[in-house]
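Take a look at the protein below. This report goes through its inner space, its ligand, its sheet and a few backbone details.

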Amino acid sequence: MTPINPSGLWKKRLGDWVINPYVGCEHGCYHCYCPAMPGVKFNNDGHRQRDWGKYLLPKHGIVEALREQLRNFTPDKAKKTEWGDGWVLMSFLTDCYTPSEAKFKLTRQCLQLLLEAGHKVRLQTRSALVERDFDLLVAHKKQVLLGTSLPYLDDALARALEPRATAPTRRLKMLQKAFDRGLEVYVCVAPFMPFHDEVVMEEVLQSIEPLHPREIFCEVLNPKGDNIAMMREALAVKFPAEAERMTNYSPESWAKFTWQVLSIGLKKNNRFIPWPDTQRFWKTHLNSKQTKFLDAYLPSKSMREEALSA
Ligand code: SF4
């Protein structure tokens, strides 16, 4: 097992490297596209996308393997990448503070090893369980960025769509506590929902303003695998109007809605960072001016210059 692996997520300014202590995530968010990603699909003992949230495979042995890897994988080596900032993202294909982390403590042990070795760690979680590890984070505050997703602040809606994650208003409080302890924070307005609008965006942006987030990322709900069908089913009983608004939500409408939402966000906040997928598909749905504008958010200087001179 190689715990830390290179990651393409630097293209979203999230990190050059990623470490996932678990396969699966007990939060079971219906929008989640992790179960449709190869890193999960081929390592999940044959579970289907619809089983997401119902299984968790802890990577027993990851702590020992990480200790071994860190003998050679130094912070200097971590910086030798195209983006070159060396952040290790924890995690991408799971939530490193999935509820069973309270028992297994794999995240805490890995985090401790990484921080003591001098690595910079970006923690991404939808769980207030991270507060358990504030002692470690505060002791290494210059090496840490803590972020959560706040696509909206409606706890009832979140209960329907992210059934076992910490409620968004509680996640906001968790970030506030982190900020009060001197930790640098960031926020992902993700996934922004097709039935939401400028008012919801404004509410989220205002709520996080006092935390001076280092970055505000945004991604519009991305249709992958069965996630849209599962969300519509989850919304049908208590949120029928929202379920209806998702009828016919497709990759095409995703591309158009993404541009609308990013335009709103960029007008409202200059720390707003779009997460466009700079792939051919995306570009077929935008004009060249829009594409060039979004490409300018690519993190590496050479990529940005190349995009702007195209
Ligand atoms: S918390 Fe993150 S990884 Fe877990 S189900 Fe939700 S979106 Fe997926």
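## Cavities

A search of the whole structure finds two cavities of 30 Å³ or more. A cavity here is a set of points on a 1 Å grid over the protein atoms alone, where a 1.4 Å probe fits but cannot get out. Points are joined across faces, edges and corners, and the volume is the space filled by probe spheres set on them. Rolling a probe the size of a water molecule over the atoms shows where empty space is left.

The largest cavity has a volume of about 500 Å³. It is lined by 29 residues, and Cys34, Phe92, Gln124, Arg126 and Ser149 are the closest to its centre. A lining residue has an atom within 4 Å of a point. By class, the lining has 15 nonpolar, 10 polar and four charged residues. Ala, Val, Leu, Ile, Met, Phe, Trp, Tyr, Cys and Pro count as nonpolar, Asp, Glu, Lys and Arg as charged, and the others, Gly among them, as polar. Strand E8 (residues 184-192) gives the largest share of this lining, three residues. Strands (E, at least two residues) and helices (H or I, at least four) are DSSP runs, numbered from the N terminus.

This is a predicted model: local features need pLDDT of at least 70, side-chain atom pairs count only at pLDDT 80 or more, and totals for chains, interfaces and linings use all residues. Residues are numbered from 1 along each chain as its sequence is written, and side-chain values use heavy atoms, with hydrogens and water left out.

## The ligand

Where does the ligand sit? It sits in the largest cavity, meaning that more than half of its atoms lie within 2 Å of the cavity's grid points. Around the ligand are Cys25, His27, Gly28, Cys29, His31, Cys32, Trp52, Thr94, Asp95 and Arg126. Each has a heavy atom within 4 Å of it. This shell has four nonpolar, four polar and two charged residues.

## The sheet

Eight strands form an open sheet with mixed pairing, in the order E1-E2-E5-E6-E7-E8-E9-E10. Two strands pair if DSSP finds at least two bridges between them. Strands E1 (4-6) and E10 (272-274) stand at the edges with a single partner strand each, so one side of each is left without a neighbour in the sheet.

E1 and strand E2 (residues 17-19) run antiparallel and are joined by three bridges. Pro6 has Trp17 in E2 as its bridge partner.

## Backbone details

Most residues other than glycine have a negative phi, and most peptide bonds are trans. A cis peptide bond joins Met90 and Ser91, with omega about 10°. Ser91 is in the loop between strand E5 (88-90) and helix H4 (101-104). The bond from Ala190 to Pro191 is also cis, with omega near -5°, and Pro191 lies in strand E8.

Methods: 1 Å grid on protein atoms, 1.4 Å probe; cavity = no way out; pocket = protein on both sides within 12 Å on 5 of 7 lines; lining within 4 Å.
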